[in-house]
Structures are given as structure tokens and as C-alpha cells.
Amino acid sequence: MEKTNMAPKEEVNVFLFVPNLIGYARVILMFFAFFYMLDKDMYQITVFCYMLSQLLDAFDGHAARALNQCSKLGAMLDMLTDRCSTLGLVMALGMLYPKCFFLCQCYAVLDIASHWLHLTAANIAGTSHKQIDLSQNPFLYYYYQNRIVLFSMCAGNEIFFSVSYLLYFSSGPMIGGLSIFTVLWYITAPIMVLKSVISLIQLVAAAKNVVSVDVVEHSRARQ
């Protein structure tokens, strides 16, 4: 009997997936922004690095689907970079605007807690945090299922915090006697508030999803 030489299958290196490489670039840009965030001479570089990191967030998902390189690592890296970058900027704003420090703390806690609990509920359900059953909550369902709404809300939220940061150092370009930064602040402020309300709804909904699993498990244990 002739022996056939079977070439071993090449192991997939998830770390080198294109969307994950984009994710690493986002992390590097995030830390560059953090390093210069309180330097008044480098605020423009800070915003450039921060916003470029956020802009790349719109490409990693497309790359993952186009190249068939979706991965759990990529999903976790994407969410962690989103949350950590916003947290770092909010922390800096709390230092630049001491009177708003408590509000910055509240926002940071709500943002981290709601997303962490939502992700935990998704993991318990064995699915993605963007694919968990939200049929009982029309607000979250529409938020996560409509990509235009999701992108607009996230972009508006990041623009609000970025413009708040810029306004500490400069009023920005003027058109007709109006500061562009100030106009953007007033336009995006309602988006930030609405996104915070959605985070609160998400926190409550995720807690209910986790509790529903607890109820099922305890019911089975009593049988």
C-alpha cells in the first residue's frame, strides 16, 4: 500500500488578521493621544491621533467581513479600544474642567458598566454583543440593528468629547462670528445625552437578561 504524504494544514494566525492589525494601530494611536492629552502645545496632535483611532473603527469591521476574518479576539479588541479610548479622554476632561469632574466620573462608570454587563449577557447567551436577542427592547434593537443609527450615535458622541477637549485650548475657526467648535458642541451634546440614556437602558436590559438565566438555573436545580 502506497503511503500518501499529507501536508499539515497551516495554522491560522488570528493575531495577524487584517482587522486585528487595524485594531493594534488604533491602540497605538490611542496611547499617543493619551501621552500628549494634557500638553497645551500638542492638543492638535492629540485630537488627530484620537480621531484617527476612532475613524479606523469604521474599517476593521468591514475588513473582517470582506476578508472573512471575523474573530472573537477582534470583537473584544474593538470594544475594549472603544471603551478605553473614550474613558481616557473623559478622564482628561475631568482634569481640564474640574467643575465637571463628577459628571465625567458618572459617564465613565455608566459607559463601562453598561457595556461590560451587556457583553457578559451576550457571552452567557453564546452570541455577539451586537447580536443578542433584543426583541423585547425596541430601543436597543433599533440602536444595534441599524448601522446608520449606530455609527451616527457613536460618531456624534466622540465628536462631542473631542470638541469639548478642543474648546479648552482654542475656540477654533470662526464663520460668521460663530465658533465651529462651539456649534459642533451644541449639535452633538444631545447625541451624547441620548447615548448615555441608551447606555442606562442597556445596563438594565443586560441585568434582566443575566437574571433570566439565573432564574432558569435555579428552577432546574429545584427539580
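Select helix H4 (residues 101–125) and helix H7 (residues 180–222): they pack at an angle of about 35°, with their axes 8 Å apart. Axes here are lines fitted to C-alpha atoms, for helices over the stretch in contact, and angles run from 0 to 180 degrees between N-to-C directions. H4 and H7 make a left-handed crossing, a term used if the near helix is turned anticlockwise from the far one by less than a right angle. On the H4 side, show residues including Tyr 107, Leu 110, His 115 and Ile 124; on the H7 side, residues including Met 192, Lys 195, Leu 203 and Val 213. Contact means heavy atoms within 4.5 Å. Sorted by class, the contact of H4 with H7 has 13 nonpolar, seven polar and two charged residues. Ala, Val, Leu, Ile, Met, Phe, Trp, Tyr, Cys and Pro count as nonpolar, Asp, Glu, Lys and Arg as charged, and the others, Gly among them, as polar.

This is a predicted model, in which local features need pLDDT of at least 70 and side-chain atom pairs count only at pLDDT 80 or more, while totals for chains, interfaces and linings use all residues. Residues are numbered from 1 along each chain as its sequence is written, and side-chain values use heavy atoms, with hydrogens and water left out.

**The whole chain**

Zoom out. The protein has seven helices and two strands, in the order α-α-α-α-α-α-β-β-α from the N terminus. Helices (H or I, at least four residues) and strands (E, at least two) are DSSP runs, numbered from the N terminus. The C-alpha atoms fill a box of roughly 85 × 55 × 30 Å along the principal axes. Of the 223 residues, 37% count as buried; buried means under 20% relative accessible area, exposed over 50%, and partly exposed in between (1.4 Å probe, protein chains only).

**Arg 26 and its partners**

Next, select Arg 26. Its relative accessible area is 1%, so Arg 26 is buried. The structure holds five salt bridges, each a side-chain nitrogen of Lys or Arg within 4 Å of a carboxyl oxygen of Asp or Glu. Asp 57 forms one with Arg 26, the closest N and O atoms being 3.3 Å apart. This pair links distant parts of the chain, with Asp 57 in helix H2 and Arg 26 in helix H1 (residues 18–36), 31 residues apart. Asp 57 is partly exposed, because its relative accessibility is 24%.

Asp 78 lies in helix H3 (residues 72–96) and Arg 26 in helix H1, so the pair ties together parts 52 residues apart in sequence.

Now find Gln 54 in helix H2 (residues 43–66). Gln 54 is buried because its relative accessible area is 13%. Not counting residues up to four places away in sequence, Gln 54 touches Arg 26, Asp 82, Ser 85 and Glu 158.

**Lys 40 and Asp 41**

Move to Asp 41 and Lys 40, whose side chains meet in a salt bridge (3.5 Å, N to O). Asp 41 is exposed, at 60% relative accessibility, and Lys 40 is exposed too, at 56%. Elsewhere, salt bridges that share partners join Arg 26, Asp 57, Asp 78 and Asp 82 into one network.

**Last stop: Leu 178**

Select Leu 178 in strand E2 (residues 178–179). Is Leu 178 buried or exposed? With a relative accessible area of 52%, Leu 178 is exposed. Leaving aside neighbours within four places in sequence, Leu 178 is in contact with Pro 173 and Val 183.
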